[in-house]
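Open the structure in your viewer and keep the selection tool at hand. The stops below say what to select and what is there.

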Amino acid sequence: MKKENKERMVKTLNIIAKDRKRTNILKSSEQRLIAYLVQKIPAWINSDGLTAIGFFGNVMVASSIVMGAFFSRYWLLLSILGFAINWFGDSLDGRIAYYRNNPRKWYGFSLDVTVDWVGTILIGLGFMIYSQGAWKYLGFLFVVLYGWQMITAQLRYKVGGQYSIDSGIFGPTEVRIILGAIITLEVFFPGSIYYLTTLATAFLVYSNIVEARKLLALADERDTEEKRIKAEELLSRQRENA
């Protein structure tokens, strides 16, 4: 029985890893958890349903920040549940489709990026409502930088042919954990969210620059390769016509 479970887990891991490269710190444990969960999801819950669940999680995070601004900082703790729900839906929506051998590659990709972007905007707006004075611009800057990161991931997919949602050792899961920790600390240390978010934003600037340089290097390699192939094809035609 244990052998069968192990074989099933290995098979599932291979299926959910299809067409996606992961480099984040938690990739091993996260992938195993996803592989376990996709086997347990009821048949009546499909990819779109999981995407909706993930979006609801982001709405919950944004709402918790807004309620923290108008009512009590303890409402911010609701964001932890929101991030957990978002991870569940966002991590499993595409993987469940591959596991059930019913992927909609381009539809799923387009829907996932769109929903993630809208969710990020909502969280950024929540931060701007919570913030005081010039700190409001920090939320706007964070959303812009996270958007840049998303664009880089999409361009890397277009140029390199392999989709990666991670920036080096950090992926969406690590970002959720960091943001959840920052928001939780704000409950007990009011005002800390501004300084910690500033550090997170500074890291995003650095990470985006590093990943942009890697993307440009990859694009340059592809240009060189395509020129080489065209030159070989031209030389081959010239030899045939000679």
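Select helix α4 (residues 78-99) and helix α5 (residues 105-130): they pack at an angle of about 170 degrees, with their axes 10 Å apart. Axes here are lines fitted to C-alpha atoms, for helices over the stretch in contact, and angles run from 0 to 180 degrees between N-to-C directions. The angle makes α4 roughly antiparallel to α5; angles under 35 degrees count as roughly parallel, over 145 as roughly antiparallel, 65 to 115 as roughly perpendicular and the rest as oblique. Show the side chains of Phe83, Asp90, Asp93 and Tyr98 in α4, and of Lys105, Asp112, Asp116 and Ile123 in α5, which make the contact (heavy atoms within 4.5 Å). By class, this contact of α4 with α5 has three nonpolar, no polar and five charged residues. Ala, Val, Leu, Ile, Met, Phe, Trp, Tyr, Cys and Pro count as nonpolar, Asp, Glu, Lys and Arg as charged, and the others, Gly among them, as polar.

This is a predicted model, in which local features need pLDDT of at least 70 and side-chain atom pairs count only at pLDDT 80 or more, while totals for chains, interfaces and linings use all residues. Residues are numbered from 1 along each chain as its sequence is written, and side-chain values use heavy atoms, with hydrogens and water left out.

Stay on α4 and select Leu92, where the helix bends by about 35 degrees. The bend is the angle between axes fitted to the seven residues ending there and the seven starting there. After α4 comes Asn101, with a positive phi near 55 degrees.

The contact of α4 with α7 divides into five nonpolar, six polar and two charged residues.

The contact of α5 with α6 has 14 nonpolar, five polar and three charged residues.

Finally, select the whole protein chain: how many helices and strands does it have? It has eight helices and zero strands, where helices (H or I, at least four residues) and strands (E, at least two) are DSSP runs, numbered from the N terminus. Its C-alpha trace spans about 80 × 55 × 25 Å along the principal axes.
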